[in-house]
Amino acid sequence: MEIEIQLTNGPISEKISPPAQLDSAGAWLEFRGVVRDSENGGKISALEYEAYPEMAEREIRRLLEEISKKNPCLGAKVIHRVGIIPVGETAVYVGVSSQHRAEAIAFLGEFMDRLKQDVPIWKRRALPLAAANVNLRTSDFTDSHRRLQKVLPLDEAVSEIQSHCKLLPPVRVSLGAAFGRVLRETVFAAEDSPPFDCSTRDGFAVLQNDSAEIFQVVDTIHAADWKPRELKSGEAVRIATGAPSPYENLRVIMQENVERNGDRIKILKHENALNIRKRGEDVKVGQPLMQTGARLDAGKLALLVTAGCAQPLVSPRLRVAHFTTGDEIVPPEQSPNPGQIRDSNSILIRGLLANSNCELVQEHLPEDFEAAKKLIETFTFESSAFNLILVSGGASVGEKDFTRSLLEWLGFEIIFSQVNVRPGRPLIFGVNESSIAFGLPGNPLSHFVCFHLFVTTALAKLIGTEPKRFLSGQLAKKLNDAPCPRETLWPARLDAVGLHPLAWASSGDITCLTETNALVRIPANHGSIDAGTEVEFLTT
Ligand code: AMP
Ligand code: MG
């Protein structure tokens with residue numbers, strides 16, 4: 001079978017002849033897909049298509065060969081235009097040659113159906129009619145192509161993520177379900193804490209200004225008792241730690257400082273402390289206690305309980321899917337054969353999300369686009385059921401890298417696919433109506449760095465907390481590095497002395513992660529940084 005495939009940025013000619021060898025063969029059937037003037041009910045001036053040319057060509061060839069096994073075909077010519085294609089111009093041309101017309105029709109029909117589904121050529125956007133006065137015919141072809149290839153600077157990638165992630169609506173939950181979520185209301189104290197004056201000691205309550213040395217014990221108050229009573233000079237009440245003080249202006253003498261004889265006590269040692277916690281001493285009713293955006297950790301939850309907030313309004317529980325890719329990846333418990341490696345990214349992500357109160361679904365996908373799609377279909381996966389989809393590996397342009405196509409197939413619009421950072425340049429970010437997705441590089445160190453740089457930014461926006469910011473700190477030791485054209489995020493250990501750069505040579509190196517709690521930001525083309533230098537860093 002003769003096959004000719006072209007991906008082009010320029011217009012497709014009006015007249016195309018069959019490949020020379022096929023000129024005199026049976027039937028030559030042609031199809032042209034022309035850009036129509038409306039899309040989703042609105043008038044448009046052009047469509048923009050994007051593709052990874054090598055990958056698209058490979059898939060088109062595979063598809064043609066596969067279909068020819070069922071529908072005999074002598075040859076085919078496919079020309080697909082990418083970039084901005086004005087209304088009325090041809091986006092795709094397909095010519096098919098078969099011995100019989102019916103075979104050519106069947107072949108062409110199946111090819112056109114499968115082209116849209118299987119080939120990584122994406123309709124990126126429709127340009128509204130208002131854009132018609134832009135000169136679409138020349139410079140924009142190259143502009144759009146350039147943008148597709150564009151490697152975004154780190155800050156630009158982060159602000160793209162921030163502008164594309166929408167805050168999710170809050171929910172009211174019990175305290176037991178609130179750990180790790182973000183408070184989405186300002187909480188005011190519903191009660192004083194402590195709610196009454198109470199003793200901080202096991203001892204004897206007496207009037208604050210009573211100068212007697214011997215007291216008559218007239219009552220006993222345990223922690224759960226509520227026994228208001230007036231005390232007279234010379235009277236004492238036995239009282240337990242935390243028990244409500246029976247009367248105003250009392251002090252508590254620690255039991256270690258008295259000698260008891262029946263119902264009488266004698267003071268052995270005088271104390272300055274009153275040993276009383278005053279009502280509302282810690283929290284006053286109506287006081288603003290916690291601001292919206294606070295991440296609910298153990299301490300904050302304890303404070304909410306104390307102040308009477310049992311059903312806080314919080315961020316919803318995020319549903320996250322994390323797919324690993326790569327036929328070389330085996331589960332942790334399996335001994336790898338030559339050429340295989342254990343999957344460390346799954347547990348890495350599980351750990352990184354552990355404090356975020358997410359529901360995490362993890363699956364391994366086969367390294368074949370068709371098989372991966374089928375597997376996803378078997379768990380009736382709907383991207384809309386997840387707030388965040390992470391794909392590990394397959395994010396660059398290797399022969400088997402299909403992450404971008406997979407995300408497109410799941411309905412995501414790809415916003416960018418490369419960021420100028422080390423480690424972790426192939427980084428895909430996509431959005432659809434209800435979810436966001438990242439294609440993260442497979443190397444564990446890149447996976448870790450990209451999670452902290454990009455995924456945490458997206459999570460913060462979705463749940464309504466402040467994204468992590470770069471802080472500034474001092475290098476405790478010289479950081480040795482050769483100048484790199486990309487910005488570098490260097491694993492480091494932050495302690496009281498400063499930032500200690502850790503050793504790593506490749507983004508597959510993972511030993512440094514055992515100590516990493518910070519990433520030092522090294523500007524592009526910078527190289528080594530001396531000890532004592534003030535640097536930017538991100539905590540991890
Ligand atoms: P990729 O991003 O698919 O090109 O993968 C880059 C490197 O990361 C390859 O050496 C992979 O073997 C490795 N890798 C991919 N996925 C994982 C994983 N889940 N755990 C550990 N290493 C991985
Ligand atoms: Mg891979």
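# A walk through the sheets, helices and loops

Let's start with one pair of residues: Leu318 stands opposite Cys358 in β24. A word of caution before we go on. This is a predicted model.

Now the strands around that pair. Strand β21, residues 318-324, runs parallel to β24, and seven bridges hold the pairing. Both belong to an open sheet of six strands. Read across, the order is β24, β21, β25, β29, β28, β26. The pairing in this sheet is mixed. Which strands sit at the edges? They are β24, residues 358-364, and β26, residues 413-418, and each pairs on one side only. How much are neighbouring strands turned against each other? On average by 15°, direction ignored.

Next, the helices on this sheet. Helix α6 covers residues 345-352 and packs on the sheet.

Helix α9 spans residues 444-463. It lies across β21, β25, β28 and β29. Here β28 is 426-431 and β29 is 436-440. Against β29, helix α9 runs at about 175°.

So how do α6 and α9 meet? Their axes come within 10 Å and cross at roughly 25°. The two helices are therefore roughly parallel to each other. The crossing is right-handed. On the α6 side, the residues are Asn345, Leu348, Ile349 and Leu352. On the α9 side, they are Pro444, His447, Phe448, Phe451 and His452. How do the residues of this contact divide? Six are nonpolar, three are polar and none is charged.

Helix α9 has another partner to show you. That is α4, residues 154-164. The axes of α4 and α9 come within 9 Å, and they cross at roughly 25°. That angle makes α4 roughly parallel to α9. Right-handed or left-handed? The crossing of α4 and α9 is right-handed. From α4, the contact uses Leu154, Ala157, Val158, Ile161 and Gln162. From α9, it uses Leu453, Phe454, Thr457, Ala458 and Lys461. By class, the residues of this contact are seven nonpolar, two polar and one charged.

Let's step back to the whole chain. The domain assignment gives domain 1 as 2-146. Domain 2 is written in two pieces, 171-191 and 282-314. Domain 3 is 198-277, domain 4 is 318-463, and domain 5 is 471-539. What separates the centres of domain 3 and domain 4? The figure is 64 Å, taken over C-alpha atoms.

On to another sheet. Six strands form an open sheet here, in the order β15, β12, β14, β13, β17, β16. Its pairing is mixed. The edge strands are β15, residues 250-254, and β16, residues 258-261. Each of them pairs on one side only. From one strand to the next, the twist averages 40°. Look at β12, residues 203-207. It joins β15 through five bridges, and the two run antiparallel.

Strands of a sheet pair through backbone hydrogen bonds, either parallel or antiparallel.

Now strand β34, residues 534-539. Strand β30, residues 471-474, is joined to β34 by four bridges, running antiparallel. In that pairing, Gly473 stands opposite Val535. Strand β33, residues 518-522, also runs antiparallel to β34, with four bridges. There, Leu519 has Leu538 as its bridge partner.

Last, some backbone details. Most residues other than glycine have a negative phi, and most peptide bonds are trans. Keep that in mind for the next residues.

Which residues does a cis peptide bond join? Ser193 and Pro194 are one such pair, with omega about -5°. Pro194 lies in the loop between β10, 187-188, and β11, 198-199. Arg422 and Pro423 are also joined by a cis peptide bond, with omega about -10°. Pro423 sits in the loop between β27, 421-422, and β28.

And Asn275? Its phi is positive, about 60°, although Asn275 is not a glycine. You will find Asn275 in the loop between β17, 264-267, and β18, 276-277.

That's the tour. Thank you.

Key. Residues numbered from 1 in each chain as written. Chains lettered and ligands numbered in written order. Predicted model: local features only at pLDDT ≥ 70, side-chain atom pairs only at ≥ 80, totals over all residues. Heavy atoms only, no water. Pairing = 2+ DSSP bridges. Axes fitted to C-alpha atoms, helices over the stretch in contact; angles between N-to-C directions. Contact = heavy atoms within 4.5 Å. Parallel < 35°, antiparallel > 145°, perpendicular 65-115°, else oblique. Left-handed = near helix turned anticlockwise from the far one by under 90°. Nonpolar A, V, L, I, M, F, W, Y, C, P; charged D, E, K, R; others polar. Domains from an automatic or database assignment.
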